[in-house]
Amino acid sequence: MPSAPILQIALPVPLPRAFDYLPPAGHDACASDVGRRVRVPFGNRELVGVVAGTGPAAAQASDLRQAIAFLDQAPLLHGELLESLRWLARYTHAPLGEVFATALPAILRHGEPLPETHTPAWRLTAAGQAGVVRLRAGTRPRRLADLLAPAPISEDSLDLKMDQWRSAARALGKRGFAERIALPAHGLVADRLPGPVLNPEQQAAVDAVRASEGFAAWLLDGVTGSGKTEVYLAAIADCLAHGRQVLVLVPEIGLTPQTLARFRSRLGVPVHALHSGLNDGERARAWMAAARGEARVIVGTRSAVFVPLPEPGLIVIDEEHDGSYKQLDGIRYHARDFALVRAKALDVPVLLGSATPSLETLHNANGGRYGYLRLGQRAGDAQPPQVRVLDVRKRALVAGLSPEMLQAIGNALQAGGQVLVFKNRRGYAPVLLCHDCGWTAHCRRCDSAMTVHAGGRRLQCHHCGARQAAPPACPDCGGLALQPQGIGTERLEEALRERFPDVPVVRIDRGTTQRRDGLGKLLASVGQLPAILIGTQILAKGHDLPHLTLVVVVGVDEGLFSSDFRAGEKLVQQLIQVAGRAGRASKRGEVWLQTHHPEHPLLNTLIAGGYRAFAEGELALREAAGFPPYAHLALLRAEAQRVEAVQAFLSAARRALAAAGSDGIELHGPLPAPMPRRAGMQRMQLLLSAPQRRGLHRLLDAALPAVYELPEARKVRWSLDVDPVDLY
């Protein structure tokens, strides 16, 4: 007599298999259990897993442990999302349980109950209705009370209607005049503001997406300031009119508040955010609101690609070229690529927007796999900025800035404009050097110099996070000639404050934007007044700065001579994106690129032909060299405290790969990683390169089971990165 079916449960452990359990007491395993969360004993602890299947036991039923309890009445993962996650596990060659855990919000993967999805709002209490007249006119509490007097208002709408309303709400709450409540999301409709009339290029793009029948991938290649967001909004509004959901991916948290405010004001529906800046409860509520069909528009960063979409209509990927879409630890997925897979499974169009499309995306568009939509002119009356390359060889520099650059900054400020000084290196200086003996401050745990912070008082490693006070004297020679070498954003801030004391100087980098809405508050602090913004790549991505008339790029040379085959692409994308911040309104913008290599071919190509000319040349070089998109890579990384253990594992892994039959697939390594020691761990890697994606995955499928079983694998931490975006 056949035994009763058992549960095959995917657990969040680094083992590529499901685990057999008896169903919880009083329950018979059945196919409808697939996708439900379940709590099980595992060793001497309890874990939360997801039922991946049911079937006959691989062992005697008497040898199996029993699951403790189901956590959901119905499957949490099902349909398209469940099958897409199975695909992701196969493509990344990652354990299915870890893929499921990555897709679920933290409180759900830890076994907490499903959250309520009502929208937080504020209303006046009876005491508030009676006491509002006693509040002093013009104060924030009075202004907020006047807003709430007619009816409750959602927190999303309050973000649009009043600055710094939260402190006023707390003040009213302490007096018993207002209270926070929860309202059904579908019951809240914001006022919808009209948008500008689309120009012919924008309208053609919207019409093309609207005419898509089922899945279609569209590249929206638009110069900076060409109005790509207006195309998104029009396409989203069309989806909403047909009762469909829309997922919008943005690369950085800093873009989310700006995007949310614009979408909420224009679409007239609640727009849900999903990113790491929210707490665990907020993320889970947004995820569940999407799963229940209540969230009609979801805007989020990389992890938002995992939201369920029961009524899908469109997926938008803004700044699709951005490296932030690649997860660099854990399950190393690429949100852009997974969004394309999901769009195909959901049979909906996907719109990939960028002023500097990735070479992989351009290659797909050139080959006809993606539709191509072009926005070649800036929206409205805005004109493209004038670009000037400034040769600073043999010139005296002040904090890395030439006299001509300082004069240009002064002229722009005097004319009433704002200036962006771009330097993609935070901190005060990259290196602390002893001028007497040449000693430099290196991290004890990494093969890297420590960055100088706080005007030379503190040292910090940007790789492992180690911090220490700067030494008062040189540890080698005892000399007092310790000098910060190089330029970071903090040093630029110090020098520009001293040079322009009457103008606000605002530094925008990871150190100043860590708090919630930190970036938005910093940008709001300068308003329309003449000001200097000093920023890293945070400021290069998608921000609309209408009063910016001059962009100064200080660190061009750092990206011109890199061993990374993607370095040129990244540099050009960064330069074009940051240059695009200038001249987006009625004032003409200027961009100054300061360099010691004005004749470099990359700069000449970029200035003469723009991104398209660079991309065509770079694609030809990639094809000749056998690099992506003309080859497909996988990187096997390993680390341990002893380099011998890492070498032994990767050598054994190479033998396992060779034994599996690597015809046509090149194996490079084991080789030291570009940073051989990081956070106290010795690091090496093995690179696989294949002309065809299918052959690469066939080899990995055949060899990885043997790699998992290697005795050497237990002595190292190792990971596989399919389609790596860098080799570090």
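User: What makes strand E10 and strand E12 count as a pair, and in which sense do they pair?

Analyst: Two strands pair if DSSP finds at least two bridges between them; strand E10 (residues 245-249) and strand E12 (residues 297-300) share four bridges, in the parallel sense, and they therefore meet that condition. Strands are DSSP runs of E of at least two residues and helices are runs of H or I of at least four, numbered from the N terminus. The model is a predicted one, in which local features need pLDDT of at least 70 and side-chain atom pairs count only at pLDDT 80 or more, while totals for chains, interfaces and linings use all residues. Residues are numbered from 1 along each chain as its sequence is written, and side-chain values use heavy atoms, with hydrogens and water left out.

User: Which strands are the edge strands, and what makes them so?

Analyst: E10 and E12 belong to an open sheet of seven strands, in the order E11-E12-E10-E13-E14-E9-E15, with parallel pairing. Strand E11 (271-274) and strand E15 (371-375) are the edge strands, as each pairs on one side only. From one strand to the next, the twist averages 20 degrees.

User: Where does helix H9 lie, and at what angle to E13 does it run?

Analyst: Helix H9 (residues 228-241) lies across E9, E10, E12, E13, E14 and E15, and it runs at about 170 degrees to E13. Such angles are taken between N-to-C directions on a range of 0 to 180 degrees, with axes fitted to C-alpha atoms and, for helices, over the stretch in contact (heavy atoms within 4.5 Å).

User: What makes the approach of the side chains of Arg283 and Asp280 a polar contact?

Analyst: The two side chains are joined at 2.5 Å, and a polar contact is a pair of N or O atoms within 3.5 Å; within protein, one must be able to donate a hydrogen and the other to accept it, and residues adjacent in sequence count only through side-chain atoms on both sides.

User: How do you know that the side chains of Glu404 and Arg395 meet in a salt bridge?

Analyst: A salt bridge needs a side-chain nitrogen of Lys or Arg within 4 Å of a carboxyl oxygen of Asp or Glu; for Glu404 and Arg395 the N to O distance is 2.5 Å, so the pair qualifies. Glu404, at 25% relative accessible area, is partly exposed, and Arg395, at 36%, is partly exposed as well. The side chains of Arg36 and Asp33 also form a salt bridge, at 2.9 Å from N to O, but here both residues are buried. The structure holds 32 salt bridges.

User: What parts of the chain does the pair of Asp447 and Arg677 link?

Analyst: The closest N and O atoms of Asp447 and Arg677 are 3.5 Å apart in their salt bridge. The pair links distant parts of the chain, 230 residues apart, with Asp447 in the loop between strand E18 (431-434) and strand E19 (451-453) and Arg677 in strand E28 (residues 666-678).

User: Which residues have the most contacts inside the largest nonpolar core?

Analyst: They are Leu11, Leu77, Leu85, Leu249 and Trp287, in a core of 98 residues. A nonpolar core is a set of buried Ala, Val, Leu, Ile, Met, Phe, Trp, Tyr and Cys residues joined through side-chain atoms within 4.5 Å.

User: Why is helix H13 described as largely enclosed by the rest of the structure?

Analyst: Helix H13 (residues 359-366) is described in this way because six of its eight residues are buried. The buried ones are Leu359, Glu360, Thr361, Leu362, Asn364 and Ala365, and they pack against E9, helix H12 (335-346), E15, helix H17 (567-579) and H18.

Conventions:
Buried < 20%, exposed > 50% of the residue type's maximum accessible area, 1.4 Å probe, protein only.
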